Amino acid sequence: MAIPGKTTDYTDGRAPYDWQSRFPAEAVRYIRREAVVLALGLVISICCTGIALAFSGNSYLMPFPAFGPDTSAKIDPRMLVLFFSGAVGGTTFSIKWLIHSVAKGSWHLDRRLWRLFVPLVGGVYACAVLTLLDSGMILGHAGDASRGTASAASMAFLIGYFSDGVSGLLTNIANAVFGTIREK
């Protein structure tokens, strides 16, 4: 379905058979490295999500004998599912943005850190936002910590994919809870 005012011209203004990159060889090497890192990150995140999903539903005690004979931590694979699902969403967004910026000629080195860290930020945001939802701090009602893991994983993916928007949401929540600098 066409959107008014939006172009459906995917030629990027190129003539037919104009196939060579407009980027210099050094930039093409950086672009390829970035693409490989993001592709590997996507595969690793998907695999880790699958592994965490396989172990979800139970909690596991991890002993820490260096801190005492009875010292252990309770590991909940659900948080790993949320993190890695959010990272898959963030990585998918970074790959999409890399493709878009290369095709449109707006790729540059200064955005590389952003594209490489969005997957990690997406994973962290997924954990934070879903924990806030489960606690009832978002939407103002009691949360649903009993939400199925698959449902939570799909929400985590969306949170990771749209992590830039989620950043604004978290800023609004922090301002509501703690106030702003102007108010103090």
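**Entry 1: serine 163**

I began with serine 163 and asked for its relative accessibility. The value is 3%, so serine 163 counts as buried; the cut-off for buried is under 20%. I am working from a predicted model here.

Next I looked up where serine 163 sits. I found it in helix α5, which covers residues 163-178. Serine 163 touches Val118, Gly122 and Tyr125.

**Entry 2: tyrosine 17**

The cut-off for exposed is over 50%.

I placed tyrosine 17 in the segment before α1, a helix that covers 25-55. I also read its backbone. Tyrosine 17 has a positive phi of about 70°, and it is not a glycine. I noted the background: most residues other than glycine have a negative phi.

**Entry 3: helix α2**

I checked the length of α2, which covers residues 77-104. The helix has 28 residues, and at 1.5 Å a residue it should span 40 Å.

I then stepped past the end of the helix. Glycine 105 follows α2, and its phi is positive, near 75°.

**Entry 4: α2 against α3**

How do the axes of α2 and α3 cross? I took α3 as residues 112-135. The two axes come within 7 Å and cross at roughly 140°. Angles over 145 degrees count as roughly antiparallel. The pair therefore counts as oblique. I logged the crossing of α2 and α3 as right-handed.

I sorted the residues of this contact by type. The contact of α2 with α3 has 15 nonpolar residues, eight polar and three charged.

**Entry 5: the whole chain**

How many helices and strands does the protein have? I counted five helices and two strands. From the N terminus on, I read the order as α-β-β-α-α-α-α.

I looked up burial for the protein. Of its 184 residues, 30% are buried. Serine 163 is one of the buried residues.

How values were computed: Residues numbered from 1 in each chain as written. Predicted model: local features only at pLDDT ≥ 70, side-chain atom pairs only at ≥ 80, totals over all residues. Heavy atoms only, no water. Helix = DSSP H or I, 4+ residues; strand = E, 2+ residues; numbered from the N terminus. Buried < 20%, exposed > 50% of the residue type's maximum accessible area, 1.4 Å probe, protein only. Contact = heavy atoms within 4.5 Å. Axes fitted to C-alpha atoms, helices over the stretch in contact; angles between N-to-C directions. Parallel < 35°, antiparallel > 145°, perpendicular 65-115°, else oblique. Left-handed = near helix turned anticlockwise from the far one by under 90°. Nonpolar A, V, L, I, M, F, W, Y, C, P; charged D, E, K, R; others polar. Expected span 1.5 Å × (residues − 1). Lists of a residue's contacts leave out its neighbours within four places in sequence.
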